[in-house]
Amino acid sequence: MRTGLFRRWARLLSRKWIWLGLLAGLSALVLLVAGRGSAIAAAWLGHQLDYPPASYGVRLERRVTVTAPDGTVLVADVYHPRTAAPTPTVLVRIPYSKQLKHMLFARTVGHLWASHGYTTVIQGTRGRYESGGSYDPPFLNEAQDGRATLAWIAQQPWYNGRIGMWGGSYFGYTQWVLADQVDPGLSALMPQICSTDFYGMFYPGGAFSLESALYWATLSYGPRDVPLPPEQLQRGLAGWPLVEADDRAVQNIPFFDTWASHTERDRYWQSVDGTGRARQLQAPALLMAGWYDPFLPTQLADFEQIRAQAAPPVAEATRLVIGPWTHANTVTFPDGSRPRNYRFESIGPSLPWFDQHLKGDPTMAYPDPVLIYVMGTNTWRGESAWPLPRTRYTPYYLHSNGRANTLDGDGLLSLEPPGEEASDRFVYDPQNPVPSAGGTMLGPNAGIQPQNTVEERPDVLVYSSPPLAEAIEVTGPVQLRLQVATTAPHTDFTAKLVDVYPDGRAYNVSEGILRRGYGPIGSDGLEEAQTPTEIAIDLWPTSQVFFPGHRLRLEVSSSSYPRFDRNPNTGRDIPTERQPVTATQTVYHHAAAVSQLILPIIPE
């Protein structure tokens with residue numbers, strides 16, 4: 001009797017909580033639409049970011065239109081500080097479909113910046129949010145649309161002559177296409193997890209960033225941004241040819257086909273990336289990058305080019321921040337800990353940065369040109385330049401007796417140059433590629449993951465150092481100079497730097513790949529393997545402290561799939577290849593053919 005009564009009460013309470021949850025969600029939506037919810041959310045966010053109290057009330061002007069040169073109507077919401085005086089402008093061009101979470105984001109940051117004295121224009125890019133036109137093709141209309149928007153802003157009575165832009169990824173791209181503009185132009189930029197080189201992001205080392213491209217395309221091809229279920233995405237990743245991965249996952253997506261088919265830096269990528277955008281930057285930029293973000297190497301190249309070639313006032317004022325982030329998310333460390341949420345980190349610097357460059361606040365938002373997060377010690381540290389001037393580039397040499405395959409092999413990484421040693425071999429089969437485990441891709445699989453299962457494969461060469469007697473900080477660009485041979489006319493070699501804990505757990509730190517041709521092979525299929533070719537694989541830059549008792553480890557293979565697409569080894573057109581073949585890969589490490597991992601060691 002009592003059991004039945006308890007069950008009835010449980011059902012009633014569960015229904016009650018369901019209805020209360022629905023009522024709370026509906027109330028939040030009503031408040032959001034009415035504009036009051038965004039004020040509450042903005043106040044809460046400002047408190048979380050340690051902003052000073054808001055100084056202005058906010059008036060929202062909905063569905064303000066700008067007409068692009070081809071007649072496409074771009075739609076924006078404009079958040080006005082309640083003041084009669086002209087104000088600086090913050091422009092955000094949002095590439096998302098209009099969904100509740102995106103509305104909440106737009107209303108919150110729009111209200112936040114307006115309440116601190118910035119007229120905030122949040123505009124959908126074409127085919128997104130409330131703007132007209134089509135998202136496909138992405139990139140190619142953003143420059144003309146952005147210029148039309150700047151011209152419109154310059155005609156408004158609230159415009160005071162200064163404009164800043166903010167945002168990451170595609171938001172960042174919408175800033176870079178306007179970076180060279182003047183009168184009207186930008187007075188400050190905040191491009192995050194993005195660079196001027198999308199070709200370099202999609203084709204690092206010449207291999208296609210398959211997982212990133214397919215994740216992005218299947219997320220954004222329709223009217224709403226909805227991630228595919230993992231099993232559906234995997235269906236697209238599997239199989240041949242590469243160019244039909246989108247068809248296998250959902251349907252034909254023309255812009256995915258374009259990305260996959262344009263394997264060289266051709267006219268298409270030149271139209272996307274422009275020429276010398278970093279060098280032609282007209283205003284200070286705060287570049288925010290992530291150690292596990294696919295844009296990191298090209299974003300660091302942007303910073304170096306700005307500092308070396310942009311106009312001196314712009315170069316001197318530009319800043320670089322590199323944090324513990326994947327693409328728009330926060331890294332989870334091996335002990336399960338996570339730094340502060342990326343969303344807070346990406347918005348937090350905006351107000352002091354804009355106050356400095358749009359309002360002339362004498363307080364510098366970032367006194368040091370470079371701010372890095374050092375993983376391992378998990379601390380932030382200011383630096384004078386990138387790469388760090390005090391870096392000691394230190395070679396760690398590969399050794400073995402010819403049996404470096406798997407973590408149970410005899411591969412060794414040491415400071416001692418090699419003598420007369422046997423070479424290592426493995427067979428790369430594109431039909432059975434080495435699976436990616438974490439790394440630097442778009443989507444939920446990015447970040448730090450255990451590598452032990454990967455290291456059990458015979459097609460992975462493993463070279464480990466002895467346990468470290470002292471801590472070593474590795475901060476900067478990492479490169480593997482490898483002596484190789486192959487039976488394939490065209491193939492890949494991959495490299496991965498790994499942190500091995502005293503109990504044997506191994507975690508990825510940085511990775512890289514090189515795709516290239518090796519010429520015709522001999523009639524026996526092994527003739528090529530008699531002559532080493534020196535190659536250089538650029539791994540992702542990093543900042544990682546390896547503690548005493550840990551070991552440095554290098555993995556060498558020919559695939560990391562689906563982070564990178566598979567090279568079919570045939571030398572024919574990779575996007576359309578349907579008949580892959582195996583290749584025997586050889587790695588040499590002896591006195592006449594030295595293979596070495598160059599680590600950027602930072603002295604204490």
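Of the 604 residues of the protein, 57% count as buried. Buried here means under 20% relative accessible area. The model is a predicted one.

Start with the overall build. The protein has 15 helices and 21 strands. Along the principal axes, the C-alpha atoms fill a box of roughly 80 × 80 × 50 Å.

Next, look at how the chain meets itself. Take the contacts between residues at least 6 apart in sequence: 76% of them join residues at least 24 apart.

The accessible surface of the protein comes to about 24400 Å². Carbon and sulfur atoms account for 54% of that surface. The protein carries 49 positive and 57 negative charges.

Finally, zoom in on helix α8, which spans residues 230-237. Which residues of α8 are buried? They are Leu 233, Gly 236 and Leu 237. These three cover an arc of only 100° around the axis, which puts them on the same side of α8. What do the buried residues of α8 pack against? Their partners are α7 (210-220) and α9 (245-249). Follow the chain just past the end of α8 and you reach Gly 239. This glycine takes a positive phi of about 90°.

Definitions and conventions
Residues are numbered from 1 along each chain as its sequence is written. This is a predicted model: local features need pLDDT of at least 70, side-chain atom pairs count only at pLDDT 80 or more; totals for chains, interfaces and linings use all residues. Side-chain values use heavy atoms; hydrogens and water are left out. Helices (H or I, at least four residues) and strands (E, at least two) are DSSP runs, numbered from the N terminus. Buried means under 20% relative accessible area, exposed over 50%, partly exposed in between (1.4 Å probe, protein chains only). Contact means heavy atoms within 4.5 Å. Accessible areas come from the Shrake-Rupley method with a 1.4 Å probe; for residues, only the protein chains shown count as cover. Lys and Arg count as positive and Asp and Glu as negative; His and the chain ends are not counted. The place of a charge is taken as NZ of Lys, CZ of Arg, CG of Asp or CD of Glu. The arc is that of the directions from the helix axis to the C-beta atoms.
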